[in-house]
Amino acid sequence: MSRVVVDVMLKPEILDPQGKAVHGAFDRLGFDGVASVRQGKRFEIELTGDAGPEAVAEIERAASTLLSNPVIEDYTLHVETEA
Amino acid sequence: MTTHRELDTTDAAAKTPDQAQPWDELGLKEHEYTRIRDILGRRPTNSELAMYSVMWSEHCSYKSSKAHLRQFGQKAPASDALLVGMGENAGVVDIGNGLAVTFKVESHNHPSYVEPYQGAATGVGGIVRDILAMGARPVAVMDPLRFGPMDADDTKRVLPGVVAGVGGYGNCLGLPNIGGEVVFDPSYAANPLVNALCVGVMRHEDIHLASASGVGNKVVLFGARTGGDGIGGASILASESFDDSKSSKRPSVQVGDPFMEKVLIECCLELFERRLVDGIQDLGAAGISCATSELASNGDGGMHVDLETVLLRDPTLTPGEILMSESQERMMGVVTPENLDAFLAVTGKWDVETAVIGEVTGTGRLVIDWHGETIVDVDPRTVAHEGPVYERPYARPAWQDELQAASPSALPRPSTGAELRDTLLRMLASPNLASKAWVTDQYDRYVLGNTVLAQPEDAGVLRLDESSGLGVAVSTDGNGRYTKLDPYTGAQLALAEAYRNVATTGARPLAVTDCLNFGSPEDPAVMWQFAEAVRGLADACQVLGTPVTGGNVSLYNQTGEAAILPTPVVGVLGVLDDVGRRIPQGFREPGQVIYLLGETGDEFGGSEWAWVTHGHLGGMPPSVDLDAERELAEILVNASRDGLVDAAHDVSDGGVAQALAEAVLRHGTGARVWVPDGVDPFVFLFSESQARAIVSVPRSEEVRFTDMCTARRFGHQRIGVVDDGGVLDVQNVLAVGVDELRNAHESTLPAVFDA
Amino acid sequence: MRIGVVTFPGSLDDRDAARAVRLAGGDAVELWHADADLHGVDAVVLPGGFSYGDYLRAGAIAGMAPVMRAVVDAARGGMPVLGICNGFQVLCETHLLPGAMIRNDRLRFVCRDQPLRVENADTAWTSAYEPGERIVVPLKNIDGCYVADERTLDQLEGEGRVAFRYDGHNPNGSLRDIAGVTNAAGNVVGLMPHPEHAVEPTVGPGSTDGLGFFTSVLETIEGMARA
């Protein structure tokens, strides 16, 4: 069994109020040296079979149509193999 | 992977009578454990022990409070309206037109302190399922909340989380939040009170009861899967059969899924409508243990369950954990075999996972098997209904006399106009009297499209029948300071105010629900407060003709030795034949005449004035006159019916000054007010005498209105006129512009919680 | 005239939308998310709520529902479609309308009686209003902050496709105070506030300012039938 991980982030130009709030909390709690915080989503997708090119392409399609909204979000995808 | 060491079956239990069991860690007393052994004629299995321990806990069994709560039944006034009384999931009240309403308030205090968001969210979810289990469509919620000092750091953690949780769950569920309270007091600092009330509506013939009858009928578990949520106690047992490190990972916090609950509601309502369920029970505290034992206990036979058929979210759960799991959004139904396919089709339509886990038997026993081996074999009544009952010792605390003797009469009072003006603004901005919009604007008050009045009105009003305009009003109240000064009177005052609030909207009060929040019953002083409060409430319900239909008791609300203020939260439900006749709180029409109804005395014990300006709590609370409350309610209800008043506002915390300010602020109008002859302006403005309201009367109706009051010999004083001048002008005493009033009233919570 | 109201799992204001349709004089037709058939309706309302718990993104999963394929096709063919709150989010997710909604700038759910300015009174759902008219309808959301890139926003402004703007207080940080937008043809309109909660004097905020949406579409349909 293998796992595909999709990370979805708001596009850099889109305001991220949640990330901003987390950044504010950093400051209040005294975590120094933080320039900015962006909040995103991580999807861990367990495949029934191997993460071959076809399977990954299928997940890629899901990532671009379902898991992210291209109007406001970007995604990255990588395959994790069991150690 | 860990493996199951050994299953504790009934056979094994019979063979190993001397095996040590962790009854103490599970919160049972030794004599309770002995009684379980006597009932079973052997030691309990681990699963049975878990069941008894939770079902015999204070929370589930009411063992300390039961002896007192009986008064609600014994003293219940005769009421044609009550269709289902106490003892079921919730009481049911007839409101006419073939419609019935069910409502209940419950506590979720401790979980909300541990994890404010999820604690509050699952509190809403739990009470909504209680109402759903009666066969009703839930139509509204309200949340009476109590927190520590507003500006305490911990309150800044707890309050926003609780409010977001109430909103996050209720909003997503699609239930309007139409009222409630937010009160601050140091006694709630490490013990906030998160009470949740839900109102449901049904046709008379749709009333469902939680009982399992009919041998061969199927027992069905549907909704969310069962996971390791909230199994606190049971994890102690789990640690016997699993390695210790693992069980400690079991979360004691339950996580709510409002989307699942919304789907579950619609699914259940379709099942009810198509008559596919015979008995139904929600799963709350003690999960499957509670639901199976209560359903079987209320039925006429027994029940057999194959526990391995339960759908799990976490396959490593032990049988004991499955029995105890408090995973949310689950229901248990009893379905006839011929209806089963249709039942499954409906749950399938709503994508609600469903498992047939057992059936009703004629044995009178609740038998639970795990892969063919029996792990529970009990008389369900001994689990659900025949738990221990304690006559806890109670005694009036030694400090009560001293407290009552510390009258506020010696406190310095404002006397000049400038001092009275400052006092008014200071009180208007004080945490308990300030606008709670910061909280309530996070709740959807409009969803379902039947909200007639919502906060900050005196009561929430809902339309239930579009064609006739039939509707209900609901209000909750509870003044912990009054109750501390005199628990008997305090509980009556809580009822009186909720009753008055409902009547103020024009609704006829019908029935009561209560959530009794107190400290430890093992403290005789707390037990005395509890006993007095229950006696007071039961007596007052009798006089006002409003039976208690159900509710909840929450004990052990204390930090170390210090108990919270005794806080009976009382909810009153009333009926409006036509919600178009509802009376709102705000002054709207310039030229209308303002009347003060009722008698004003010099009553400042437990008042907001004494607390805000002197940090003082002592003396006696305002006196109660239930006959006057009843008379006032009749005047207000008649005035609504006959269209004699346009606005009405209950006079309570903060007195006439607060009521006038709120009435003026509602629409930004203004008022010219005069202090009646011979009355001290301070007493007129700030006394908290009960059985009072202010109303605005159109001049065309003034004679009819005053004639009615005169005929009923009820005190009524013409104290002012509504205008649109943007000023609250108490002539020759003080004048404050609406903007300044608004700024004082509305800045307090944002200043603290937006910081 | 038959106005369909779609129910997704988690839709909350579907009954209210149906009631508003009836009060305006139309026939409300229940449409089920799993059903790709629009049952011959003349227009569709996508109601408010938290479809699928809004768990992926607000409106995202609902946008993939079978009924939405039919709605998208019909909308492209000119059928009037109104998305309210969660319905607006669904319309953005299906790209019938530009932009997207993110979490409110104050990060809290907000419920208030919201003044709006009607910017475009020429759409299928706004013809009963005057351009520039101020109306008050409830607003209630947590993911209500309208965003789009600058080019899209400029284009919307240039083409008069900003249908509503928040008047006075901007409750959720929406760019350029945008409360609702329309497609170029004017048949598809989406907005965050809830006109269906402002249709009767005794319930809701007591304003009937929202009724115009529903009378507008009935007139539009009548006009389409005559044409």
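Is B:Asp130 buried or exposed, judged by the other C-beta atoms within 10 Å? B:Asp130 is buried, because 27 other C-beta atoms lie within 10 Å, where a residue counts as buried if 20 or more other C-beta atoms, placed from the backbone, lie within 10 Å of its own, as exposed if 12 or fewer do, and as partly exposed in between.

This is a predicted model, in which local features need pLDDT of at least 70 and side-chain atom pairs count only at pLDDT 80 or more, while totals for chains, interfaces and linings use all residues. Residues are numbered from 1 along each chain as its sequence is written, and chains are lettered from A and ligands numbered from 1 in the order in which they are written.

An unreviewed UniProt entry annotates B:Asp130 and B:Asp282 as "binding site"; such positions are given in the numbering used here, feature names are shortened, and annotations may be inferred rather than shown by experiment. The annotated residues span 153 residues in sequence, yet no two of their C-alpha atoms are more than 6.1 Å apart, so they gather at one spot. B:Asp130 belongs to helix H7 (residues 116-132) of chain B, whereas B:Asp282 is in strand S8 (residues 279-282) of chain B, helices (H or I, at least four residues) and strands (E, at least two) being DSSP runs numbered from the N terminus. B:Asp282 is also counted as buried, with 26 C-beta neighbours inside 10 Å.

Turning to chain C, helix H1 (residues 14-24) is mostly covered, with nine of its eleven residues buried, among them C:Asp14, C:Arg15 and C:Val21. The buried residues of H1(C) pack against several elements of chain C, including strand S1 (2-7), strand S2 (27-32) and helix H5 (211-226). Just after H1(C), C:Gly25 takes a positive phi of about 105°.

Further along chain C, strand S7 (residues 134-141) has six of its eight residues buried, so it is largely enclosed by the rest of the structure. Strand S6 (residues 110-118) of chain C pairs with S7(C) in the antiparallel sense over eight bridges, two strands being paired if DSSP finds at least two bridges between them. Within this pairing, C:Leu116 stands opposite C:Ile135 in S7(C).

Finally, the chains can be compared by their contacts, two residues being in contact if their C-beta atoms, placed from the backbone, lie within 7 Å. Of the two pairs of chains in contact, chains B and C share the most contacts, whereas no contact joins chain A and chain B, whose closest C-alpha atoms lie 11 Å apart.
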